[in-house]
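User: I am new to this structure and would like to know what the terms rest on. Please go through them with me.
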Amino acid sequence: QYGNVMELTKEEARTLGKEQRSELDDLMVKTMSERILSNAVSIIPSGATIHIFLPITHHKEVDTMPFIEQHRGGSEFRLVSSRSNFSDFSMAHLLLTADSTFENNPYGIPEPVSGEEVAPEALDVVLVPLLTADKQGYRVGYGKGFYDRFLKECRPDCMFIGLSYAAPIDRIIDIDDHDVPVKVLATPEGLVEI
């Protein structure tokens with residue numbers, strides 16, 4: 001264990017997040033994902049343009065697919081998801097419609113095949129994937145920095161909501177200028193305002 005105060009490096013936090021996730025079975029992923037998304041949506045205004053990730057199921061990411069299936073092409077929200085470019089670590093953001101189809105990229109990450117491109121400045125909310133986050137809103141993912149680059153392109157008033165299976169740890173100690181914090185954490189138990 002890490003003592004009473006959990007101050008971890010990114011690498012330690014990443015390991016902890018992967019360990020916590022490895023203990024989840026399919027039913028726990030489904031149930032916790034439903035609660036996390038329900039808590040996140042409770043603070044999203046109707047009509048918002050929401051950037052949402054497609055879950056990497058073999059990594060047991062929060063399952064956003066039921067929410068996507070329910071709302072894509074609907075009138076309550078506009079849903080947008082990304083295609084990743086691994087040569088420059090950038091992302092293209094595509095509007096999801098009822099006709100959108102998805103395929104796994106060479107890294108096993110599901111992505112929309114095509115769609116109308118949406119500028120980051122047009123987004124009202126970004127639902128952010130993470131392995132672990134701290135009480136300051138800093139998060140660790142898989143270490144490629146896609147989301148940190150992308151979040152810097154969004155409007156200052158865009159709501160960044162991290163989707164987390166667990167409560168935040170106290171602090172990730174090796175944060176740098178590239179790291180962009182989320183503003184809220186949605187957990188199965190509720191919302192943690194940063």
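**Helices, sheet and single residues**

Analyst: Helix 1 has as its buried residues Lys10, Ala13, Arg14, Leu16, Gly17 and Arg21. Seen down the axis of helix 1, they fall within an arc of 160°, so they line one face of the helix. The arc is taken from the directions that lead from the helix axis to the C-beta atoms. This is a predicted model, in which local features need pLDDT of at least 70 and side-chain atom pairs count only at pLDDT 80 or more, while totals for chains, interfaces and linings use all residues. Residues are numbered from 1 along each chain as its sequence is written, and side-chain values use heavy atoms, with hydrogens and water left out.

User: Why does Arg14 count as buried?

Analyst: Buried means under 20% relative accessible area, exposed means over 50%, and partly exposed lies in between (1.4 Å probe, protein chains only). Arg14 has 12% relative accessibility, so Arg14 counts as buried.

User: What does Arg14 touch, and with which side chain does the side chain of Arg14 make a polar contact?

Analyst: Contact means heavy atoms within 4.5 Å. Leaving aside residues up to four places away in sequence, Arg14 touches Leu131, Val140, Gly141, Tyr142 and Gly143. Its side chain makes a polar contact with the side chain of Glu11, at 3.1 Å. A polar contact is a pair of N or O atoms within 3.5 Å; within protein, one must be able to donate a hydrogen and the other to accept it, and residues adjacent in sequence count only if both atoms are side-chain atoms.

User: How do you know that the span of helix 2 agrees with its number of residues?

Analyst: Helices (H or I, at least four residues) and strands (E, at least two) are DSSP runs, numbered from the N terminus. The expected span of a helix is 1.5 Å times one less than its number of residues. For the 16 residues of helix 2 (residues 26–41) that gives 22 Å, and the end C-alpha atoms are 22 Å apart, so the two agree.

User: Which residues of helix 2 are buried, and what do they pack against?

Analyst: The buried residues are Val29, Met32, Ser33, Ile36, Leu37, Asn39 and Ala40. Seen down the axis of helix 2, they lie within an arc of 155°, so they line one face of the helix. They pack against helix 3 (65–71), strand 7 (125–129), strand 10 (159–163), strand 12 (184–187) and strand 13 (190–193).

User: What makes strand 4 and strand 13 edge strands?

Analyst: Two strands pair if DSSP finds at least two bridges between them. The open sheet of seven strands has the order 4-3-2-7-10-12-13, with mixed pairing. Strand 4 (90–95) and strand 13 are the edge strands, as each pairs on one side only.

User: How many bridges join strand 7 to strand 10, and how many pair strand 3 with strand 4?

Analyst: Strand 7 and strand 10 run parallel and are joined by five bridges. Strand 3 (residues 78–85) and strand 4 pair in the antiparallel sense over six bridges. Strand 3 and strand 4 form a hairpin with four residues between them, and Phe89 in the turn has a positive phi of about 60°.

User: Why does Asn105 count as buried, and where is Asn105 found?

Analyst: Asn105 has 11% relative accessibility and therefore counts as buried. Asn105 is found in the loop between strand 5 (102–104) and strand 6 (110–112).
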